[in-house]
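Hello,

As promised, I am handing over the structure we talked about. Please open it first, and then read my notes below with the model beside you.

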Amino acid sequence: MAVNYQSLAVKGVQALSPYQPGKPIEELARELGLNPAEIIKLASNENPLGPSKLALAAARKALDELCLYPDGNGFDLKQALANRFGVAMNQITLGNGSNDVLEVIARCFADSDSEVVFSQYAFAVYPIVTQAIGARGIAVPAKEWGHDLDAMSAAITERTKLVFVANPNNPTGTVHRADAIEAFLDRVPEQVLVVLDEAYCEYLTGEEYPDGIKLLGRYPNLIVCRTFSKAWGLAALRVGYSLSSPEIADVLNRVRQPFNVDSVALAAATAVLNDEAYLNRSREVNTAGLRQLADGFDRMGLPYIPSAGNFIAVEVGERAAGIYQSLLAHGVIVRPVAGYGMPRHLRVSVGLPEENERFLDALAQSLVAAGQGG
Ligand SMILES: *Cc1c(COP(=O)(O)O)cnc(C)c1O
């Protein structure tokens, strides 16, 4: 009798649906016979500036040593991060993207007896890593699209091992102020770890927003995750990291793969930390682009969720799936978020001014085609 090999997968994995990434440019070009050069992708919160010149030069130089294993400890990058943030190198855990770190955290601290708390409409990776290890995910209903931090702390039980908090959150762009995050951390029992995912923190300007790194000393149960994929513009290279107590970092470093960040990625990430001008430019382009998109949505009468990230979720209504398809036909890739339980929204990443304009034009035409335009 034939074996059903899928049924041999562990329980959590059997019921798992894979993460759905933004559609790659080449794929759309193949599907619709379009010229890849004429397609714009505003679907994965990538940096529209292209990579930093300093990062590129360092990456090219690292190519000469491709036959050697990378530095499994990532010494140079850890040293650069430690200097930048005033932490010790033994507080840092490097990952193949911060996704990798998120998964390692779940595997180190939760198992099939555990509960893991996160918010409705939060980053899709939290429920995926939770389910993959057979733990029980507790999705706490959101409040005005953002994390309901009171309800999240109230959802903690004796079984809760981890709480994931994305600040700002993806895909909604909502953000909590420092006072709210600190009040939340004060309520979480110290044996429950809080993962504060700050993938978009570089875009935050203003004293009122928290810097998780400054909270590490006060909250030994805190793990702060960050990434080089967004404001630092290195999404292809897959580099992220967490900052925590040395004790927690020691645990994470036992489980992560020994060479999880490759040499080219290590070199580029180390170099880009010296490119403050690039980071500033990323912020400026983002701030202007968010305004441009919001103005466009206002003109079209479309509601949107005010965003602190490098993307914005716009409510296009019940025909969102058709509008997404219509945008594709215009060579514009955005992100459907029905999988996040937001079937009326589309998420669009902030592009360069001309890309934002092209998206807004295509959106206006798609709305008319869908019978919703004004
Ligand atoms: C993009 C993103 C990440 C980062 O992913 P990488 O693996 O570092 O590329 C982490 N968390 C959230 C909420 C994100 O949106």
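**The ligand and its surroundings**

The residues around the ligand are Gly-97, Ser-98, Asn-99, Phe-123, Asn-170, Asp-197, Ala-199, Tyr-200, Thr-227, Ser-229, Lys-230 and Arg-238. Do keep in mind that this is a predicted model.

An N or O atom in the side chain of Asp-197 sits 2.7 Å from a nitrogen atom of the ligand. Thr-227 places a polar side-chain atom 2.6 Å from a ligand oxygen atom. For Ser-229, there is likewise a distance of 2.6 Å between an N or O atom of the side chain and an oxygen atom of the ligand. How much of the ligand's accessible area does the protein cover? On its own the ligand has 390 Å² of accessible area, and the protein covers 94% of that.

**The largest pocket**

Next, the pockets. The largest pocket holds about 840 Å³ of space, and 42 residues line it. Nearest its centre are Ser-44, Asn-45, Glu-46, Lys-230 and Ala-235; Lys-230 is also one of the residues surrounding the ligand.

Which element gives the largest share of this lining? That is α5, with three residues. The elements that each supply at least two residues are β1 (40-41), α5 (98-109) and β13 (345-349). By type, the lining of the largest pocket divides into 20 nonpolar, 14 polar and eight charged residues. Both domain 1 (10-41 + 277-369) and domain 2 (53-272) take part, with at least three lining residues from each.

**The second largest pocket**

The second largest pocket has about 590 Å³ of space and a lining of 28 residues. To find its centre, look for Pro-18, Gln-20, Ala-124, Gly-339 and Tyr-340, which lie nearest to it.

Here β3 (115-119), α6 (125-132) and β12 (335-336) each contribute at least two lining residues, and α6 gives the most, namely three. The lining of the second largest pocket is made up of 18 nonpolar, seven polar and three charged residues. Domain 1 (10-41 + 277-369) and domain 2 (53-272) each provide at least three residues of this lining.

Happy to go through any of this together.

Best wishes

Methods. Residues numbered from 1 in each chain as written. Predicted model: local features only at pLDDT ≥ 70, side-chain atom pairs only at ≥ 80, totals over all residues. Heavy atoms only, no water. 1 Å grid on protein atoms, 1.4 Å probe; cavity = no way out; pocket = protein on both sides within 12 Å on 5 of 7 lines; lining within 4 Å. Points joined across faces, edges and corners; volume = space filled by probe spheres on them. Helix = DSSP H or I, 4+ residues; strand = E, 2+ residues; numbered from the N terminus. Nonpolar A, V, L, I, M, F, W, Y, C, P; charged D, E, K, R; others polar. Domains from an automatic or database assignment. Near = heavy atom within 4 Å. Polar contact = N/O pair within 3.5 Å; in protein donor to acceptor, adjacent residues only side chain to side chain. Areas by Shrake-Rupley, 256 points an atom, 1.4 Å probe, with all protein chains shown as cover.
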